[in-house]
Amino acid sequence: MLRIAVPNKGSLSETAAQMLLEAGYSGRRDPKELHHSDPRNDVEFFYLRPRDIATYVGSGALDVGITGRDLLLDSGSSAVETASLGFGRSTFRFAGPAGEFSELADMAGLRVATSYPGLVGDFLAEAGVSVALIKLDGAVESAVRLGVADVIADVVETGTTLRNAGLEVFGPVILQSNAVLVSSPEEKPGVATLLRRLQGVLVAREYVLMDYDCPVAILDEATALVPGFESPTVSPLHDPEWVAVRVMVPRTETNLVMDRLYDLGARAILVSSIHAARL
């Protein structure tokens, strides 16, 4: 069986579990359950702390897992990123007292508090800036006010929490992170199938199917407007001057494409959701 690590709590947990359900796998019924077997799909799920998943996968104890790119890089694990999963996005930045810092060199020799010492340490080492790293598990934004550190490195969303603590971001972005699928360096049987299923979920979320009737006279213009993944499906209708067209369209562009097709002369434009896909 393929042994898969899944976040047991935190911001990644619920979305990861839902994605696996949409990919056709069964899920645990009890949120306290730490192990779930899905013999029909020949997989086992292990529900672990997101921060530990890369370590388990890198050691070979588990075959593949879902975690954050930030946690993978911070872990120092030999696990490798196999695919981006498109959720759990976050941005890592440096922040310090307002007006005191403008570039990385300003931190030289100072104390930097973070929950990601591996990630931040590697970033600063590459930049040639030497600091004293202080590892904290949470509430990093309070470290400066309490005198524990001079600067912090943490996830920044709106920046409101930092401003309330009298801090402002400076310097380059440390990392743009999101949820990723990680696997051991030696790919195990079944990982390719899991990856195809998850990519199918991403496609189903990103695209819709669009059907429309189109005069033959404008078919080339219509299909140029919406070319689809490879090529639209074109079928004859009873009226030889019309054809039926089916094509995949990005979900965010649905109404704009419908307007343009209608203005061009297409009619009976219908949109359907995609529940699963293999491309």
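Helices (H or I, at least four residues) and strands (E, at least two) are DSSP runs, numbered here from the N terminus. This is a predicted model, in which local features need pLDDT of at least 70 and side-chain atom pairs count only at pLDDT 80 or more, while totals for chains, interfaces and linings use all residues. Residues are numbered from 1 along each chain as its sequence is written, and side-chain values use heavy atoms, with hydrogens and water left out.

**Domains and annotations**

- UniProt, in an unreviewed entry, lists residues 49–199 as "domain: ATP phosphoribosyltransferase catalytic"; its positions follow the numbering used here, feature names are shortened, and annotations may be inferred rather than shown by experiment.
- Residues 49–199 are 28% helix and 32% strand, with end C-alpha atoms 24 Å apart.
- The unreviewed UniProt entry also gives "domain: Histidine biosynthesis HisG C-terminal" for residues 204–275.
- For residues 204–275 the figures are 29% helix and 40% strand, and the end C-alpha atoms lie 6 Å apart.

**Where domain 1 meets domain 2**

- Eight residues of domain 1 contact nine residues of domain 2, contact meaning heavy atoms within 4.5 Å.
- About 670 Å² is buried between domain 1 and domain 2, with carbon and sulfur atoms giving 49% of that area; buried area is the accessible area (1.4 Å probe) that two parts lose on being put together, summed over both.
- Helix 3 (residues 69–75) supplies the largest share of the domain 1 side that touches domain 2, namely five residues.

**Salt bridges**

- The structure holds nine salt bridges, and one of them joins the side chains of Arg-3 and Glu-44 (3.7 Å, N to O).
- Arg-3 sits in strand 1 (residues 2–7) and Glu-44 in strand 3 (residues 43–48), so this pair ties together parts 41 residues apart in sequence.

**Backbone angles worth a look**

- Most residues other than glycine have a negative phi.
- Ala-139 has a positive phi of about 50°, and belongs to the loop between strand 8 (132–135) and strand 9 (151–156).
- Ala-268 also has a positive phi, near 55°, and is found in strand 15 (residues 267–273).

Terms used
A salt bridge is a side-chain nitrogen of Lys or Arg within 4 Å of a carboxyl oxygen of Asp or Glu.
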